[in-house]
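Me: I would like to learn how to read a metal site and a core in a model. Please show me the structure.

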Amino acid sequence: MYPLPIEKLINLFSKFPTVGPRTAARFVFYLMKLPIEESNTLIESIVELKTKIKFCSFCFKPSENDLCDICSDPSRDKSLLCIVEKETDLETIEKTKKYKGLYFILGGTVSKLREEDIEKLRVRELREMIKNFKEVIIAINPTTEGEATALYLERLLKPLNIKITRLGRGLPIGGELEYADEETLSSALDNRK
Ligand SMILES: [Zn+2]
């Protein structure tokens, strides 16, 4: 057992995505060696993040304002909506500069489509705002969970009579959007059906 403040921090870092107890311990010992000014910057940055940044009230992209830079941009095509799993997928698609519509960040995927899992996604919010769009592109990662989620969304949106497309094939099966190169992603956008 380490002294309690160390154990406490290890516990906190262990909850971070992809961080296990060993990496968490390394983070803590790194912090112990950090000059006080640097650790203060870290603390201030976390406070700033928690006080200044909220989620866009439309697409859930992190933003300093009620509407994010994309949703408040008059040049974006408001008839086109792209549904992604998470913030980083949105950034990946933005980098291709190919897509000019709006986004909706679902907030995850579900594997077994149980009621309690689905409730964790922003499905209710999605249903409310989706009627104003001509085309909805489902750009969920082609993993097993992603496929299940995409099928669920297609079923959910079908009765609304909106054109629903999926990102074209060519994206690696089981892969994640954020690891696809820009060219592959651009052609997947072009070949959506
Ligand atoms: Zn937004």
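Me: Which residues coordinate the zinc ion?
Reply: Donors are N, O and S atoms within 2.8 Å of the metal (3.2 Å for Na, K and Ca); water is not among the atoms, so sites may look incomplete. Here the SG atoms of C56, C59, C68 and C71 coordinate the zinc ion at 2.3 Å. Their spacing in sequence is C-x2-C-x8-C-x2-C. This is a predicted model, where local features need pLDDT of at least 70, side-chain atom pairs count only at pLDDT 80 or more, and totals for chains, interfaces and linings use all residues. Residues are numbered from 1 along each chain as its sequence is written, and side-chain values use heavy atoms, with hydrogens and water left out.

Me: What is the geometry of the site of the zinc ion?
Reply: Ideal angles are 109.5 degrees for four tetrahedral donors. Four donors count as tetrahedral if all angles lie between 85 and 135 degrees. The angles here are 106 to 115° among the four donor atoms, and the site is tetrahedral.

Me: Are C68 and C71 buried or exposed?
Reply: Buried means under 20% relative accessible area, exposed over 50% (1.4 Å probe, protein chains only). Both C68 and C71 are buried.

Me: Which residues touch the most other members of the largest nonpolar core?
Reply: A nonpolar core is a set of buried Ala, Val, Leu, Ile, Met, Phe, Trp, Tyr and Cys residues joined through side-chain atoms within 4.5 Å. In this core of 41 residues they are L81, I83, I93, L126 and L153. Another core, of nine residues, lies apart from it and includes I10, V19, A25 and L34.

Definitions and conventions: Tetrahedral: all angles 85-135°; square planar, octahedral: opposite > 155°, others 65-115°.
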